[in-house]
Amino acid sequence: MRNQTTGVRGDKTYNALRNSLNDTANDLLLLVNGPKIQARKDVCKIHDLAAFQVAFHLDFFNTIPEAGSMHLRDIAQKTGCDINRAGRILRLLTTHRIFREVERDIFAHTSYSVALARDPELKAAGDYQLDEVSKAASECSLSFQTGAKTPFEQRHGMTVYDYYAANPAMAARFAKGLVGITRLDRQMTELITGYPWAEIGDAKVVDIGAGNGHVSVELARRFPNLNMVVQDNNLDILNQGATRDLTGVEGRMAFMEYDFFTPQPVTDADVYFCRQVLHNWDDASCVKLLRSAATALEKCRPGTPLLINETVQPEPGTRTRFEENLIRQNDMLLLVAFGAKQRTEEDYRALLEQADPRFKIVKVCSEGSMGLLEVHLQTNTA
Ligand SMILES: C[S@@+](CC[C@H](N)C(=O)[O-])C[C@H]1O[C@@H](n2cnc3c(N)ncnc32)[C@H](O)[C@@H]1O
């Protein structure tokens with residue numbers, strides 16, 4: 001069995017088995033179907049995704065009751081979709097085991113569809129992937145030809161950041177979706193176990209580019225000694241965090257509007273971390289961000305860590321194809337949306353060296369779908 005895990009459903013053994021079984025099953029399918037039928041299925045996935053898009057957007061998932069079933073006429077009426085199209089979309093989805101037609105025109109949930117009905121955050125993730133992101137992805141090759149900076153800009157005429165700043169509802173959906181994705185396969189394990197949070201006493205921790213601060217809330221819930229500063233430059237996203245359920249962490253969460261390309265204003269922290277931020281930016285922007293962090297680290301006690309919590313791109317062929325596909329799907333998302341990329345450990349070393357030669361990686365955890373780099377700024381006194 002090759003390497004480790006991607007995904008959080010089970011323990012390491014479960015995930016390793018799941019990963020290699022996926023490889024075996026996919027090899028078998030290709031053998032059985034042959035390349036032409038396989039290509040037909042793969043290329044036409046776009047139509048399955050169109051059905052998915054409607055189901056997310058018109059919320060078929062929460063329209064059909066969890067228990068029992070619903071007539072197509074009522075589904076159409078409740079979702080505002082005409083009966084003919086609603087039926088065609090539902091029937092395509094049933095071929096993927098999403099909903100089932102229990103009798104002619106009567107639909108019910110399956111374990112697959114009900115999982116989406118019960119998880120509004122995962123549903124938000126599906127919704128934004130199949131809306132603004134898939135529109136951008138469909139113009140990928142065109143953007144290569146026109147020389148647009150990103151497929152996203154080719155399609156939407158602005159950067160992802162400007163898009164979300166101009167569309168607060170979309171920004172809120174994106175932030176909500178990130179929570180769902182984090183639970184699914186952007187686990188916090190490395191961040192939680194890769195640093196001795198419980199041993200650092202009363203500590204001020206700065207979460208740079210925190211989104212709505214869901215990761216900080218989780219850390220603070222686990223470690224009552226931590227006081228979190230949640231920083232983001234998008235006020236709508238920050239407000240979503242400040243108004244969410246903060247039970248158990250009251251008085252230990254501060255929300256701060258901050259642009260991470262400007263000098264870090266908190267200069268007395270015990271830990272800085274940034275999670276799923278650098279992967280959204282090109283090298284020049286990352287260097288700028290890291291230098292902003294360095295301005296604060298210079299003033300902190302020696303050895304204050306900057307934790308970089310990102311996927312560390314494995315070398316090709318060192319994971320199962322199932323894992324490598326999940327990781328490279330994310331790399332492609334970064335290309336489409338941000339013109340950015342996932343980085344290998346070596347890429348991070350080079351980036352940090354370029355930002356400030358005093359940066360030293362003192363610990364690396366790179367096994368799972370998320371990695372953790374502990375970085376120190378080595379001053380004369382460090
Ligand atoms: C992919 S999200 C990561 C959020 C969070 N760290 C997580 O892991 O869920 C990146 C975040 O960076 C924020 N961001 C983008 N540009 C920024 C900037 N110049 N200054 C501060 N935050 C920024 C975005 O608003 C977004 O919330």
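Guide: Welcome! Two residues are in contact if their C-beta atoms, placed from the backbone, lie within 7 Å. Residues are numbered from 1 along each chain as its sequence is written. This is a predicted model, where local features need pLDDT of at least 70, side-chain atom pairs count only at pLDDT 80 or more, and totals for chains, interfaces and linings use all residues.

Visitor: Which residues is F56 in contact with, leaving aside its neighbours within four places in sequence?

Guide: F56 lies in helix α2, residues 45–57; helices (H or I, at least four residues) and strands (E, at least two) are DSSP runs, numbered from the N terminus. With sequence neighbours within four places set aside, the contacts of F56 are K123, G126, D127 and L130.

Visitor: Is F56 buried or exposed?

Guide: A residue is buried if 20 or more other C-beta atoms, placed from the backbone, lie within 10 Å of its own, exposed if 12 or fewer, and partly exposed in between. F56 has 20 C-beta neighbours inside 10 Å, so F56 counts as buried.

Visitor: In β3, what is the bridge partner of M70?

Guide: The open sheet of 3 strands has the order β1-β3-β2, with antiparallel pairing; two strands pair if DSSP finds at least two bridges between them. Its edge strands, each pairing on one side only, are β1 (70–71) and β2 (100–103). Strand β1 is joined to β3 (residues 106–108) by 2 bridges. In β3, M70 has as its bridge partner F107.
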